[in-house]
Amino acid sequence: MENQKFMIEFCPNGNVSKLILKNDPHKMNWVIDKSYLEKVHYDDKGKLFGNFSLSINGKNHSSHKMNAKLIQSKELTTVTYVCDEVELLFKYDLSQSADSLFWTIELNNRTDRDIYVSDFGVWSSLAYVMYRINDLNIQTNHSTAIFPSVSKSFTKLACVRRSNHAPHLGIYQLNGETKSVGTYCQYENLFFENVSPSLDGILFHQLVFAGGYPEGFANSDWIYSKDGFSIKAKEQKDWRFAFEAFDDQDHFYQVGKKYGHPVYHFEPLAITKQPYDFSFSLPADISLRDAYVEYKDLNETCKMLNIMSNMNQTGSDYQATLIFEEPGEHKILIELDNGKMDSVIINVMKPIQNIFTNRARYISNVLYSGPEGNTPYSYSPVSNQGESLGKLSFVLKKNLLGNDPDISEVQKVEESCVLYIRPKWFVNGDFLKPAFLYGDFYRCMDFEYIGHVFYLLSRFDQSVLKYNNPDTYLEWAAEVFRLRVNPDLHHTVRGKEEARMLGTFSLYIDGLLDEMKKRGLTDKYHEIHALWSDIAANVAKDSDIYKAAVTEHFYDNAGFGPAAGALASSGHIEAAQKYGELLLANIGFSNDFRAQNPDRWWEALSYMIHSLWGGLTAAATLKVYEKLHDTRFLKAAYRATAGILYCYDTEAKATDKRLNTGEAASTYSVAGPNMNRPDLSRNRFGQSTFYRDGGIFSKLFSKEEETSDWDMGEELAAYLDGFGKKTFLYEEDNQIKVINGCIEYTDQGLLIRSYAPYPTEYHFYDADSHFISQSGEIEREVLYAEGRFISLKKAQEVR
């Protein structure tokens, strides 16, 4: 059936087999397709769009065990399932609007008594697919990222095509209550078969109307309901959704407003005791009845604070300046005069510098083994992968900022570099002889992490170091980096191929080259500069086909993230713009700060936050903003960063995994439920928790209890180069707004307070106004007046 905008087809059992936007030049099928499941041998036909599972009075039902009755016309299809207690109808209606599809789910109680529904989930399996084919047109134009906003009355899904080319697909709740959005993952990973690309997979999404979890399940997620519901005798309950195409993030919310959804303007992160601006607009015929903030205090007691008196109204627009005293997740709820309720979830943190100070101490005092450890001079957990060295880069980067280095922290890293890293990764310490740490191969990618640690060591004064002088470490960094990017130095096919790939080294390549040039490493400077320029030029040349989006996986933000950042920093602006669109499609937007992260699923088998690659993707997005000055990138980078910080947040109360001072967890499963592992739903953890599930995980990890932070740290080093020291102003709707800080209006001008742990830079690209403190001096607040920033410390002005 079809109308002006949609074309829909059904399978005989009632599930949707095709959903196509007719003005889409790619004719993408927006639902997961039975034929693709058969092609890749995934036995998941029961999870296709429109299938369901239902538990009534303790008795389970599911659509794949029932016969459906289809009644179909040109613009209306009704699918009916009947069992003892209920009749379930799905209505797909194209007749009400030329631009929309209306989907109604009716659950009718056929009995003469009340029934209790403890579990009810309907599969809404849209095309969240990493295809098992190395075709980037398919991966980018026929696959969607799905960003959920779960709300009592206004749940919605933003389905964003991975190329970021419109049309995209929005799904908006009109009636009923959606408790959650769960996911199930099916995948194949051939990493240990030495196949590249090696990973493909699918996330199947389910709208949860009741329960969603195993019987008796409980976790720390106080934000979303897991309740069931009752239906009285002969009565019905229904849910209604509208499907409509949208062009971009702003348009997604404007379409929602047409269907009665509030539109919010809020930042994902607040700092305790600092002003936080929160605003929203309502459809013209709807008014605000009440507003609350819900949170848990230090004693884990749930508190409700009425904020209606804080609300200032101008027509249909509402604004409040709030100050939060307690850290942790906060749920801001609004109640409308039509009885509906909506919410946003933000995180409130203590000043972020506390996290970094405590983290560095923990790494240095708890994770460092010293000379007496099982693996002397290493940082636990011991790993062959270079990602595990990110902790060291973070410790060094933190000590380079703030003008007050902890010498013992720096010297422990130096000791590890000299006595552990160099002899482990290089035969007899020879930088031209990499050790085969993976059996019959080594990873070039490991060298960029090693080079970063050596480079950061070279930035310290001689008085801080105890083994070698700074120039020695700069030479080491140059040698290792040369090995990383020069294919002629490798004798294996894999080594030669990986040497030509981009990686995390784009975080520090400019600084490394500057120091080499400044300190007289002229020959190596010219060689490495030429190699780096050649890599960047080749990636730019192939940007039309997104070639760098493929790593050992078929489609990977570990490929297109660094590519976008590297292209921006190397001056390939047009190519950076192309890859930048992939970043925007990769970073979520939602009413929940934890669902605004870079989209990556295979570490958690669900929609998730992954600290390392999420953080590096966020850093790359900020680099693109600094070159393109397109505010979409600034906002996306900051949204992503707030989710990454949640992996280090010791005050979080809505996740089972609690962190002691200085601890961290690399992964957070946004989805609830995570149907592969319900215990990981809305929980933080390390990937080793999958060890007991067998398969590839039992090869990657030696036990389930391994530390949850083995690959964390590099993203913090990247953060410290970006939002760790920079605050940004931008102009929107004729107002000056701030990212990574807050604004207070004073008689002298705008007082800008930075949320950065080591604030030294303030930028307002729209006005071409910039402030950089002298000698890296901390400036926690500055004044902005008459088009320029003014230092409150020295009355220093920089235009």
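Is phenylalanine 481 buried or exposed? With a relative accessibility of 1%, phenylalanine 481 counts as buried, where buried means under 20% relative accessible area, exposed over 50% and partly exposed in between, using a 1.4 Å probe and protein chains only. Before we go on, note that this is a predicted model, in which local features need pLDDT of at least 70, side-chain atom pairs count only at pLDDT 80 or more, and totals for chains, interfaces and linings use all residues. Residues are numbered from 1 along each chain as its sequence is written, and side-chain values use heavy atoms, with hydrogens and water left out.

Let us stay with the aromatic rings. The structure holds 62 aromatic pairs; rings of Phe, Tyr and Trp (its six-membered ring) pair if their centres lie within 6.5 Å, and planes under 30 degrees apart count as stacked, over 60 as edge-to-face and the rest as tilted. One of the pairs joins phenylalanine 229 and tryptophan 239, whose ring centres are 5.7 Å apart with planes at 55°, so this pair is tilted. Phenylalanine 229 belongs to strand β16 (residues 229–231) and tryptophan 239 to strand β17 (residues 236–246), so the pair ties together parts 10 residues apart in sequence. Here helices (H or I, at least four residues) and strands (E, at least two) are DSSP runs, numbered from the N terminus. Both partners are buried: phenylalanine 229 has a relative accessible area of 9%, and tryptophan 239 has 1%.

Phenylalanine 481 sits in helix α8 (residues 470–485), while phenylalanine 505 is in the loop between α9 (493–499) and α10 (509–518), so parts 24 residues apart in sequence are tied together. Phenylalanine 505 is buried, at a relative accessible area of 0%.

Next, look at a sheet. Five strands form an open sheet in the order β19-β26-β25-β21-β22, with mixed pairing. At its edges stand β19 (269–271) and β22 (302–306), each with a single partner strand, so one side of each is left without a neighbour in the sheet. Strands pair if DSSP finds at least two bridges between them; β21 (residues 288–296) and β22 pair in the antiparallel sense over 5 bridges. Across this pairing, valine 293 stands opposite leucine 305 in β22.

Now turn to a helix. In α5 (residues 390–400), 10 of the 11 residues are buried. The cover over its buried residues includes α4 (353–367), α6 (407–425), α7 (444–457) and α17 (714–721).

Finally, consider charges. There are 50 salt bridges, each a side-chain nitrogen of Lys or Arg within 4 Å of a carboxyl oxygen of Asp or Glu. In one of them, the side chains of aspartate 200 and arginine 132 meet at 2.8 Å, N to O. This pair links distant parts of the chain, with aspartate 200 in strand β15 (residues 199–210) and arginine 132 in the loop between β10 (129–130) and α2 (136–141), 68 residues apart. Aspartate 200 is buried at 1% relative accessibility, whereas arginine 132 is partly exposed at 26%. Elsewhere, salt bridges that share partners join Arg459, Asp471, Glu515, Lys518 and Arg519 into one network.

Methods
Contact = heavy atoms within 4.5 Å.
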